[in-house]
Amino acid sequence: HENYDLNSAEYLHQSRKNWLMSRYKSLQKIDEYEEVIDDKTIISKIYSGVVEDQVYIYHVSTVEFKKQKYLIDFLAIVDEIYYDIYKEDIKEILRNIKYKN
(Lines give C-alpha, C1' and ligand atoms only; values in the text may rest on other atoms or scores of the structure.)
Protein backbone atom coordinates (compact mmCIF):
# COMPACT_ATOMS: atom_id res chain seq x y z
CA HIS A 1 0.00 0.00 0.00
CA GLU A 2 1.41 3.37 -0.98
CA ASN A 3 0.55 6.79 0.45
CA TYR A 4 -1.38 5.36 3.37
CA ASP A 5 -2.56 7.38 6.36
CA LEU A 6 -1.57 6.98 10.01
CA ASN A 7 -4.46 4.62 10.76
CA SER A 8 -3.82 2.23 7.89
CA ALA A 9 -1.83 -0.40 9.82
CA GLU A 10 -4.51 -0.65 12.50
CA TYR A 11 -7.21 -0.68 9.82
CA LEU A 12 -5.49 -3.61 8.04
CA HIS A 13 -5.16 -5.51 11.31
CA GLN A 14 -8.81 -4.91 12.18
CA SER A 15 -9.92 -5.95 8.67
CA ARG A 16 -7.93 -9.19 8.90
CA LYS A 17 -9.34 -9.90 12.37
CA ASN A 18 -12.91 -9.29 11.14
CA TRP A 19 -12.31 -11.56 8.13
CA LEU A 20 -10.89 -14.32 10.34
CA MET A 21 -13.72 -14.00 12.89
CA SER A 22 -16.33 -14.32 10.14
CA ARG A 23 -14.86 -17.61 8.90
CA TYR A 24 -13.33 -19.49 11.79
CA LYS A 25 -14.72 -20.95 14.99
CA SER A 26 -13.43 -19.78 18.35
CA LEU A 27 -10.85 -17.31 17.01
CA GLN A 28 -8.68 -15.94 19.79
CA LYS A 29 -5.61 -13.73 19.91
CA ILE A 30 -2.70 -15.66 21.42
CA ASP A 31 0.16 -13.19 21.00
CA GLU A 32 1.18 -9.83 19.58
CA TYR A 33 4.40 -7.91 19.21
CA GLU A 34 5.91 -4.82 17.63
CA GLU A 35 9.47 -4.58 16.38
CA VAL A 36 11.32 -1.55 15.01
CA ILE A 37 14.32 -2.10 12.76
CA ASP A 38 15.82 1.13 11.44
CA ASP A 39 12.97 2.84 9.55
CA LYS A 40 10.83 -0.31 9.42
CA THR A 41 8.08 -1.13 11.94
CA ILE A 42 6.64 -4.63 12.14
CA ILE A 43 3.36 -5.11 13.98
CA SER A 44 2.15 -8.69 14.38
CA LYS A 45 -0.96 -10.17 15.93
CA ILE A 46 -1.22 -13.93 16.18
CA TYR A 47 -4.54 -15.77 16.40
CA SER A 48 -5.65 -19.37 16.68
CA GLY A 49 -8.84 -20.70 15.15
CA VAL A 50 -10.55 -23.96 14.30
CA VAL A 51 -11.39 -25.19 10.79
CA GLU A 52 -13.10 -28.58 10.51
CA ASP A 53 -11.84 -29.62 13.96
CA GLN A 54 -8.25 -28.63 13.10
CA VAL A 55 -6.51 -25.75 14.90
CA TYR A 56 -4.58 -23.24 12.77
CA ILE A 57 -2.40 -20.29 13.70
CA TYR A 58 -2.89 -17.04 11.77
CA HIS A 59 0.12 -14.70 11.87
CA VAL A 60 -1.21 -11.28 10.77
CA SER A 61 1.41 -8.56 10.27
CA THR A 62 2.04 -5.18 8.76
CA VAL A 63 5.48 -3.96 7.76
CA GLU A 64 5.69 -0.18 7.54
CA PHE A 65 8.49 1.70 5.82
CA LYS A 66 7.98 5.19 7.25
CA LYS A 67 10.48 7.08 5.09
CA GLN A 68 9.10 5.63 1.85
CA LYS A 69 5.48 5.76 3.07
CA TYR A 70 4.92 2.14 2.12
CA LEU A 71 2.91 -0.46 4.05
CA ILE A 72 2.91 -4.23 3.48
CA ASP A 73 0.06 -6.51 4.59
CA PHE A 74 1.22 -10.04 5.52
CA LEU A 75 -0.67 -13.21 6.47
CA ALA A 76 0.80 -16.64 7.25
CA ILE A 77 -1.42 -19.61 8.10
CA VAL A 78 0.19 -22.61 9.80
CA ASP A 79 -1.21 -25.82 11.26
CA GLU A 80 -0.93 -25.50 15.04
CA ILE A 81 1.32 -28.55 15.37
CA TYR A 82 3.93 -26.88 13.09
CA TYR A 83 3.74 -23.31 14.38
CA ASP A 84 6.52 -23.61 16.96
CA ILE A 85 8.78 -24.98 14.21
CA TYR A 86 8.04 -22.09 11.79
CA LYS A 87 7.43 -19.19 14.20
CA GLU A 88 11.00 -17.87 14.06
CA ASP A 89 11.15 -18.36 10.28
CA ILE A 90 8.06 -16.17 9.88
CA LYS A 91 9.65 -13.48 12.07
CA GLU A 92 12.85 -13.63 10.01
CA ILE A 93 10.90 -13.27 6.76
CA LEU A 94 9.26 -10.14 8.16
CA ARG A 95 12.59 -8.75 9.41
CA ASN A 96 14.19 -9.32 6.01
CA ILE A 97 11.54 -7.64 3.88
CA LYS A 98 13.21 -4.76 2.07
CA TYR A 99 11.88 -1.76 0.21
CA LYS A 100 13.20 -1.37 -3.35
CA ASN A 101 12.34 1.33 -5.82
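Predicted model: local features only at pLDDT ≥ 70, side-chain atom pairs only at ≥ 80, totals over all residues.
**View 1. A salt bridge between lysine 29 and glutamate 32.** The side chains of lysine 29 and glutamate 32 meet in a salt bridge, with an N to O distance of 3.0 Å. Lysine 29 has a relative accessible area of 41% and is therefore classed as partly exposed, and glutamate 32, at 44% relative accessibility, likewise counts as partly exposed. Side chains of opposite charge can pair when their charged atoms come close.

View 2. Lysine 91 and glutamate 88 both lie in helix H2, 3 residues apart, which is about one turn of the helix, and they form a salt bridge whose closest N and O atoms are 3.8 Å apart. Lysine 91 has a relative accessible area of 17% and, because buried means under 20%, is classed as buried, whereas glutamate 88 is partly exposed with a relative accessible area of 42%. In a second pair, glutamate 92 and arginine 95 also both lie in helix H2, 3 residues apart, and the closest N and O atoms of their salt bridge are 2.7 Å apart. Glutamate 92 is partly exposed at a relative accessible area of 37%, and arginine 95 is partly exposed at 22%.

View 3. The largest nonpolar core has 13 residues, of which Val63, Tyr83, Ile90 and Leu94 touch the most other members. The elements that give two or more residues to this core are strand S2 (40–51), strand S3, strand S4 (70–79) and helix H2. Apart from it lies another core, of 6 residues, which includes Leu27, Tyr47, Tyr58 and Val60. Beyond its neighbours within four places in sequence, isoleucine 90 is in contact with His59, Phe74, Ala76, Val78 and Tyr83. In soluble globular proteins, nonpolar side chains tend to be buried together.

**View 4. The surroundings of tyrosine 58.** Tyrosine 58 is found in strand S3 and is buried, with a relative accessible area of 1%. When residues up to four places away in sequence are not counted, tyrosine 58 touches Leu20, Tyr24, Leu27, Lys45, Ile46, Tyr47, Ser48, Gly49, Val51, Leu75, Ala76 and Ile77. Glutamine 28 lies 30 residues from tyrosine 58 along the chain, and the C-alpha atoms of the two residues are separated by 10.0 Å.

**View 5. Threonine 62 and its polar contact with histidine 13.** Threonine 62 lies in strand S3, which spans residues 54–65, and with 2% relative accessibility it counts as buried. The side chains of threonine 62 and histidine 13 are joined by a polar contact of 3.2 Å. Leaving aside neighbours within four places in sequence, the residues in contact with threonine 62 are Ala9, Leu12, His13, Thr41, Ile42, Ile43, Leu71 and Ile72.

**View 6. Phenylalanine 65 and its separation from lysine 87.** Phenylalanine 65, also a residue of strand S3, counts as buried at 7% relative accessibility. Phenylalanine 65 and lysine 87 are 22 residues apart in sequence, and the distance between them in space is 23 Å, C-alpha to C-alpha.

**View 7. A nonpolar patch on the surface.** Ile81, Tyr82, Ile85 and Tyr86 form a nonpolar patch on the surface, and together they have about 440 Å² of accessible area. One of these residues, isoleucine 81, has its place in helix H2, residues 80–96, and because exposed means over 50% relative accessible area, its value of 60% puts isoleucine 81 in the exposed class.

View 8. Aspartate 38 is found in the loop between strand S1 (25–37) and strand S2, and its phi is near 55 degrees, a positive value in a residue other than glycine. At 75% relative accessibility, aspartate 38 counts as exposed. Lysine 69, whose place is in the loop between S3 and S4, has a positive phi of about 55 degrees although it is not a glycine. With a relative accessible area of 43%, lysine 69 is partly exposed.

Notes: Residues numbered from 1 in each chain as written. Heavy atoms only, no water. Helix = DSSP H or I, 4+ residues; strand = E, 2+ residues; numbered from the N terminus. Buried < 20%, exposed > 50% of the residue type's maximum accessible area, 1.4 Å probe, protein only. Polar contact = N/O pair within 3.5 Å; in protein donor to acceptor, adjacent residues only side chain to side chain. Contact = heavy atoms within 4.5 Å. Patch = residues over 30% accessible without salt bridge, like charges linked within 9 Å, V, L, I, M, F, W, Y side chains within 5 Å. Areas by Shrake-Rupley, 256 points an atom, 1.4 Å probe, with all protein chains shown as cover. Salt bridge = Lys/Arg side-chain N within 4 Å of Asp/Glu carboxyl O. Core = buried A, V, L, I, M, F, W, Y, C linked by side-chain atoms within 4.5 Å.
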